[in-house]
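Visitor: I would like to go through this model with you and ask, for each label that is used, what value stands behind it. Could we start once the model is on view?

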Amino acid sequence: MSSSPEYWIGTDIVARDVWTTVPLDWSDPDGETIRVFARELVAAEKRNEDLPLLVHLQGGPGGKGSRPLGRSGWVGAALDRFRLVIPDQRGTGRSTPVSGAEFGAMPADEAARRLALHRADSIVRDLEAVRKTHYEGRQWWTIGQSYGGFLTLHYLSAAPEAIIGSAVTGGLAGLDADPAEVYRRTFPRVVEKNRAFRERVPHVAERISRAAEVLASEDVRLADGDRLTVRRLQTLGFEFGVAPGFDRVHWLFDEAFADAAETRLSDTFVEAVGAATGFAGQPLYAALQEAIYGPGPSAWAAQRERDRRPEFAESSRPLLFTGEMVFPWMFEEIRSLHGFRAGVERLAEGEWPIALYDAERLAANEVPVEAAVYFDDMYVDAQLSLDTAARVGSANAWVTNEYEHDGVHHDGVAERLFSALERRLGGTRSSR
């Protein structure tokens, strides 16, 4: 157990860092240990108040905690009420990190075993260790974004006594949905996002096709030596699920070419695409993408669904971008993922037990849950979310098409959820 002195973020947030030592494998408490990092934030004017606690369950998988620059969006709504705890999930950020070099040196079975130790069950055990070590076991509130909603459901299955109330934004997982069902549902939405993108910026479609033709016919190399392929270019569609995503992709292609005839890709474009598709800062996001839905085997569900959809072929025009999907070739073509290849392949082909969701316990749940379900969400199927809301006791769903998957970053979303929880709990902003 350790913590840093207080320091400032901007002019109105006071922070401190805390570390907690936990087992790498919670089933072997006397074995290898790692450190989990969390940052505690409090509004400067409330720094001496006894505030309720709120823990942020970050998206992912393999997501480090937010690094706020100020009190906008959900952070502002949280700091109006709570002392906010933002952990880095194990293996990410300032928690004991993982690397491709580390995993690449392991036998495949050991690499897969260690990857499986970075799923929801271990993350929630880590959170419980943080709560008990640094906060005397006080109950806390949770806010879960995206994969953080998956973590919320596991937390409510495993240790609901720790939680006062939970807000979930774009993250109510299907309790029984395997990766194959998830991608059957989300691929059509990706097609629709592609159509909407072309409708929004019709002048870019031909430029995208020309860029794809260059990549198909030439050996274009990134700064790290990786070849920039058409299928890697297609993964820019990860962006289509967030509010600024269309514009981000548009502006990339705005500077795609270095000549007026548009035959030579610009260095600016190549570098930007490499950075946007490289996973250098979040390799666990790729490594665990299909493992978050249960014990497996996933058998590369996204790739199998893509193979059934010829409109996503590299040679198809207009070129379609893919969404929040990870494909086996990424671990061959993307340098930051090379070392994870053997372990990920073993995860995809085998059973890795995990008690993810307890349907009976969730049905009897009494912890108030307020969830934002984004009707047009490209990442999380809204119908699966609504089915889950109906099966979890004390869960309310607010369904809206006003926001994309990143709606929590907009003013008003978190405020609405926190206010609803406060009304249900019959307390005030200072209630614990």
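Visitor: Why are helices α6 and α9 called oblique to each other?

Guide: Helix α6 (residues 179-200) packs against helix α9 (residues 245-254) at an angle of about 60°, and their axes are 11 Å apart. Angles under 35 degrees count as roughly parallel, over 145 as roughly antiparallel, 65 to 115 as roughly perpendicular and the rest as oblique, and α6 and α9 are therefore oblique. The axes are lines fitted to C-alpha atoms over the stretch in contact, with angles running from 0 to 180 degrees between N-to-C directions, while the helices are DSSP runs (H or I, at least four residues) numbered from the N terminus. The crossing of α6 and α9 is right-handed, a term used if the near helix is turned clockwise from the far one by less than a right angle.

Visitor: Which residues make the contact of α6 with α9, and how do they divide by class?

Guide: On α6 they are Lys193, Ala196, Phe197 and Arg200, and on α9 Phe246, Asp247, Val249 and His250, where contact means heavy atoms within 4.5 Å. Four of these residues are nonpolar, one is polar and three are charged; Ala, Val, Leu, Ile, Met, Phe, Trp, Tyr, Cys and Pro count as nonpolar, Asp, Glu, Lys and Arg as charged, and the others, Gly among them, as polar. This is a predicted model, in which local features need pLDDT of at least 70 and side-chain atom pairs count only at pLDDT 80 or more, whereas totals for chains, interfaces and linings use all residues. Residues are numbered from 1 along each chain as its sequence is written, and side-chain values use heavy atoms, with hydrogens and water left out.

Visitor: What makes α4 roughly perpendicular to α5?

Guide: Helix α4 (residues 120-134) and helix α5 (residues 147-158) pack at about 75°, with axes 9 Å apart, and that angle makes α4 roughly perpendicular to α5. The residues in contact include Ile123, Val124 and Leu127 of α4 and Tyr147, Leu151 and Tyr155 of α5, and by class the contact has seven nonpolar, one polar and three charged residues.

Visitor: Why is the aromatic pair of Phe253 and Phe269 called tilted?

Guide: Rings of Phe, Tyr and Trp (its six-membered ring) pair if their centres lie within 6.5 Å, and planes under 30 degrees apart count as stacked, over 60 as edge-to-face and the rest as tilted. By this rule there are 22 aromatic pairs. In the pair of Phe253 and Phe269 the centres are 5.1 Å apart and the planes stand at 55°, which is tilted. Phe253 lies in helix α9 and Phe269 in helix α10 (residues 267-276), 16 residues apart.

Visitor: Is Phe279 buried or exposed?

Guide: Phe279 has 10% relative accessibility and so counts as buried; this residue, in the loop between α10 and α11, has a positive phi near 60°.

Notes: Helices (H or I, at least four residues) and strands (E, at least two) are DSSP runs, numbered from the N terminus. Buried means under 20% relative accessible area, exposed over 50%, partly exposed in between (1.4 Å probe, protein chains only).
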